[in-house]
Amino acid sequence: MILNAALYFYTVSYGTSLADSQNITLVHEEMHIVTNLDDIGLANLLQIGVGAPPGMSQAQIAAADSVSIASWLAAGCPQPGGNH
Ligand SMILES: [Zn+2]
């Protein structure tokens with residue numbers, strides 16, 4: 001697992017605190033390791049992916065799905081369909 005120290009230790013990317021952001025990043029990366037899925041595969045598994053909108057490149061879809069995963073973690077991992 002590779003983490004960018006400048007982002008990991010000093011920047012709040014997701015959540016409301018640096019610790020939240022670090023936890024979200026760690027769990028996100030661990031989910032990749034455990035499932036052996038990339039961002040698109042993982043987002044689809046969680047039913048939170050953006051799908052394949054016309055005009056979006058694979059890289060753009062992957063980036064959007066990565067954000068979806070982090071946002072889902074920041075929101076406390078709500079079940080698909082909006083039911084907790
Ligand atoms: Zn990811």
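Modeller: A helix here is a DSSP run of H or I with at least four residues, numbered from the N terminus. Keep in mind that this is a predicted model.

Biologist: How many helices and strands does the chain have?

Modeller: Four helices and zero strands. Read from the N terminus, the order is α-α-α-α. The radius of gyration is 13 Å, close to the 12 Å that the globule rule gives for 84 residues, so the chain is as compact as a globular protein of that length. Its C-alpha atoms fill a box of roughly 35 × 30 × 25 Å along the principal axes.

Biologist: What share of the 84 residues is buried?

Modeller: A residue is buried if 20 or more other C-beta atoms lie within 10 Å of its own. Here buried residues make up 12% of the chain.

Biologist: Back to α2. How many residues does α2 have, and how far does α2 reach?

Modeller: Helix α2 covers residues 18–35, which is 18 residues. From first C-alpha to last, α2 reaches 26 Å, close to the 26 Å expected at 1.5 Å a residue.

Biologist: Which residues of α2 are buried?

Modeller: S21, I24 and T25. They cover an arc of only 95° around the axis, which puts them on the same side of α2.

Biologist: What do the buried residues of α2 pack against?

Modeller: They pack against α1 (5–10) and α4 (58–74).

Biologist: Which exposed residues does the face turned away from that buried side carry?

Modeller: That face of α2 carries A19, E30, I33 and V34.

Technical notes: Residues are numbered from 1 along each chain as its sequence is written. This is a predicted model: local features need pLDDT of at least 70, side-chain atom pairs count only at pLDDT 80 or more; totals for chains, interfaces and linings use all residues. Helices (H or I, at least four residues) and strands (E, at least two) are DSSP runs, numbered from the N terminus. The radius of gyration is taken over C-alpha atoms; the globule rule is 2.2 Å times the number of residues to the power 0.38. The expected span of a helix is 1.5 Å times one less than its number of residues. The arc is that of the directions from the helix axis to the C-beta atoms. Two residues are in contact if their C-beta atoms, placed from the backbone, lie within 7 Å.
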